[in-house]
Amino acid sequence: GLHFKQKLAMVADENSDIIEMVRGEGLMLGLKCKCTNTELVSALLDQRVLSVGAGDNVVRLLPPLTIDNTHIDQAVEALSAACAAVRVAEKAKESAK
């Protein structure tokens with residue numbers, strides 16, 4: 001779980017305009033979002049990562065206990081891509097105003 005949380009924290013630092021913080025213990029982790037959690041859940045689904053919105057604008061990640069570092073790295077890459085997609089969508093919304 002520590003490897004996953006550290007990787008998520010790196011993505012959160014790189015995408016601080018989208019993700020406010022990583023919280024949770026073990027593999028039961030959540031991403032506190034600055035955007036709406038539904039935007040990030042949708043972008044993650046486009047990247048083929050299942051997640052669910054949780055209370056107070058959090059995206060819950062709950063991978064299987066048998067996950068290995070290769071799959072964690074793939075999920076983290078998908079999260080980075082999802083953050084980029086959310087950023088593009090937010091800029092498009094702003095320019096449409």
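Most residues other than glycine have a negative phi. R48 sits in the loop between α2 and β3 and is exposed, with a relative accessible area of 78%. For that word the cut-off is over 50% relative accessible area, while buried means under 20% and partly exposed is in between, using a 1.4 Å probe and protein chains only. D56 also has a positive phi, about 40°, although it is not a glycine, and its place is the loop between β3 and β4.

A quick word on what you're looking at: this is a predicted model, in which local features need pLDDT of at least 70 and side-chain atom pairs count only at pLDDT 80 or more, while totals for chains, interfaces and linings use all residues. Residues are numbered from 1 along each chain as its sequence is written, and side-chain values use heavy atoms, with hydrogens and water left out.

S51 counts as buried because its relative accessible area is 18%. Leaving aside neighbours within four places in sequence, S51 is in contact (heavy atoms within 4.5 Å) with V41, L44, V59, R60 and L61. V41 and L44 are among the buried residues of α2, along with N37, E39, L40 and A43. The buried residues of α2 pack against β1, β2, β3, β4 and α3.

Now for α3. This helix has 28 residues and reaches 41 Å from its first C-alpha to its last, close to the 40 Å expected at 1.5 Å a residue; the expected span is 1.5 Å times one less than the number of residues. Its buried residues are I72, V76, A78, L79, A82, C83 and V86, and they pack against α1, β1, β2 and α2.

Take L8: not counting residues up to four places away in sequence, it touches V22, L29, L31, L61, V76 and L79.

What about empty space? Rolling a probe the size of a water molecule over the atoms shows where it is left. A pocket is an open set of points on a 1 Å grid over the protein atoms alone, where a 1.4 Å probe fits, with protein on both sides within 12 Å along at least five of seven lines; lining residues have an atom within 4 Å of a point. The largest pocket holds about 200 Å³, and F4, V49, L50, P63 and A75 lie nearest its centre among its 13 lining residues. Two or more of those come from each of α1 and α3 (69–96). By class, the lining has 13 nonpolar, no polar and no charged residues.

Conventions. Grid points are joined across faces, edges and corners, and a volume is the space filled by probe spheres set on the points. Helices (H or I, at least four residues) and strands (E, at least two) are DSSP runs, numbered from the N terminus. Ala, Val, Leu, Ile, Met, Phe, Trp, Tyr, Cys and Pro count as nonpolar, Asp, Glu, Lys and Arg as charged, and the others, Gly among them, as polar.
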